[in-house]
Each structure stands twice: as structure tokens, then as C-alpha cells.
Amino acid sequence: RRSNTSGELRREMRSVNAQVARLQEKLVENPSLRSAIDGLKETSSALERELMQGSEVFAALKQELSVAKVVGVLEPGEAFVDILPLPASQFDTSYTYMAFVLKAGATSFQEVVLGEGDVLDEAFSMYQSYTTNPSKDPSLYGGVCHAMYWSKLDSVLTDVHTVYLSPDGVYAKMNAGVFYD
């Protein structure tokens, strides 16, 4: 049975996140803990969603957004990047990751094809491998993540110093810091 007040939800979420942190410290010695960690992360995400649903601030944010509203709050040098996995067709299981970029002063999104879903999903397994075995050279790893996941956005974001990222799919499962080169 779930807690029903925001304070109880926050406490429960902190407890679950603390369990994840403790297990991740032991993961190097015991890789079989991965499934327990993944289950706790799912629980934490569910608690966060439940907490957000009861939030007055979140309810206010659920309003209809338009390009003009988003661009209206962006300062020069800022961009909003929404990344989505989009199906090739309604009858196909393949999909492509797309980025929709809005910059200050824009009148429409710039669309950037980031790559095929199966390729980026497979590269995600390298990311997971690195996070469970961090003894590998981190500079090499960061370059791989940048090349695979972010490099196609470089030309669109040349004049941008702040990115507001709305990731989905594997992008939402990764630390956004690894996209930076």
C-alpha cells in the first residue's frame, strides 16, 4: 500500500534512493545486484510520478504549451531540446530518435535525426557496462557517448551555452553529462 501524503512519499522515495546508492556501491563486487537496483529505480520513478501528480506546481505545468510560450522564456544562448523515439510507421516496430530544438527567437522547431533506435539502444548497453565497471578509461567513454548520442546536435547548438533537455527513451536513462564532449 502506497503512502498518500507528499511528506510520506518523499520519505519513501529517499529511502528507496538510499537503497539504490548502497547497492550500487556493492555492484562492482556483485554484478547480480543489477536486477535489484533496476527494480528499486522503477519503484523510485513510480513514487516520483505519484508525488508529481499531487503537486500543485506540477498541475500548473500541465498547461498547453506552444512554440511561442517556450521561446518566450528562453534567453539568448539558451535552447530547449526535446528528444523522442518516433516509430517508422504504425505497422513497424522500428523507430528513430529525433530531437526537436527551440532556441530564443525561433518561430519553429529545428528537427534533428539522432539515429536508429536499435543502434542507440545497443550503444546504451555499453553505457551500462561502463557504469558497472568504471575502471575503463572515462575520457574514451565520454567521447563515445558524445559521438553516438549528441554529436548530431552540435551544429544546431553552436551558439548555445544552456540546454534545457527533455529526454525520452535511452536518453532518459543516461546521465546527460556524458553527452558533453
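**Figure 1. Asp82 in strand β1.** Asp82 is found in strand β1, which spans residues 78-87; helices (H or I, at least four residues) and strands (E, at least two) are DSSP runs, numbered from the N terminus. The model is a predicted one, in which local features need pLDDT of at least 70 and side-chain atom pairs count only at pLDDT 80 or more, while totals for chains, interfaces and linings use all residues. Residues are numbered from 1 along each chain as its sequence is written, and side-chain values use heavy atoms, with hydrogens and water left out. Asp82 is buried yet has no salt bridge, and the nearest side chain of opposite charge, that of Lys69, is 16 Å away. Buried means under 20% relative accessible area, exposed over 50%, and partly exposed in between (1.4 Å probe, protein chains only). For charge, Lys and Arg count as positive and Asp and Glu as negative, whereas His and the chain ends are not counted. A salt bridge is a side-chain nitrogen of Lys or Arg within 4 Å of a carboxyl oxygen of Asp or Glu. The side chain of Asp82 does make a polar contact of 3.3 Å with the side chain of Ser166. Such a contact is a pair of N or O atoms within 3.5 Å; within protein, one must be able to donate a hydrogen and the other to accept it, and residues adjacent in sequence count only if both atoms are side-chain atoms. Not counting residues up to four places away in sequence, Asp82 touches Met98, Ala99, Phe100 and Ser166, where contact means heavy atoms within 4.5 Å.

Figure 2. Glu78 has its place in strand β1. Glu78 is buried and has no salt bridge; Lys103, the nearest side chain of opposite charge, is 13 Å away. Two polar contacts of the Glu78 side chain can be traced in this view: one reaches the backbone nitrogen of Glu75 at 2.8 Å, and another joins the side chain of Tyr164 at 3.1 Å. Beyond residues up to four places away in sequence, Glu78 touches Val73, Leu102, Lys103, Ala104, Val160, Thr162 and Tyr164. Within the sheet, Glu78 stands opposite Thr162 in β4.

**Figure 3. The salt bridge between Asp159 and Lys103.** A search of the whole structure finds 1 salt bridge. Asp159 forms this salt bridge with Lys103, and the closest N and O atoms are 3.1 Å apart. The pair links distant parts of the chain, 56 residues apart: Asp159 is in the loop between α6 (138-150) and β4, and Lys103 is in strand β2. Lys103 counts as buried because its relative accessibility is 19%. Across the strand pairing, Ala79 stands opposite Lys103 in β2.

Figure 4. Leu84 lies in strand β1. With a relative accessibility of 26%, Leu84 counts as partly exposed. Leu84 and Tyr95 are 11 residues apart in sequence and 9.7 Å apart in space, C-alpha to C-alpha. Leaving aside neighbours within four places in sequence, Leu84 is in contact with Thr96, Tyr97, Met98, Phe100 and Asp168.

**Figure 5. The open sheet of 4 strands.** The strand order is β3-β2-β1-β4, with mixed pairing. The edge strands, β3 (110-116) and β4 (162-166), each pair on one side only. From one strand to the next the twist averages 25°; axes are lines fitted to C-alpha atoms, for helices over the stretch in contact, and angles run from 0 to 180 degrees between N-to-C directions. Two strands pair if DSSP finds at least two bridges between them. Strands of a sheet pair through backbone hydrogen bonds, either parallel or antiparallel. β1 and β2 pair in the antiparallel sense over 9 bridges, whereas β1 and β4 run parallel and are joined by 5 bridges.

Figure 6. Strand β2 (residues 95-103) pairs with β3 in the antiparallel sense over 6 bridges. Phe100 stands opposite Glu111 in β3, and Ala99 stands opposite Val112 in β3. The hairpin has 6 residues between the strands, and Gly105 takes a positive phi near 85° there.

**Figure 7. The protein chain as the setting of these views.** The chain contains 7 helices and 4 strands, which follow the pattern α-α-α-α-β-β-β-α-α-β-α along the sequence. Of its 181 residues, 31% count as buried. Among contacts with a separation of 6 or more, 57% are between residues 24 or more positions apart.
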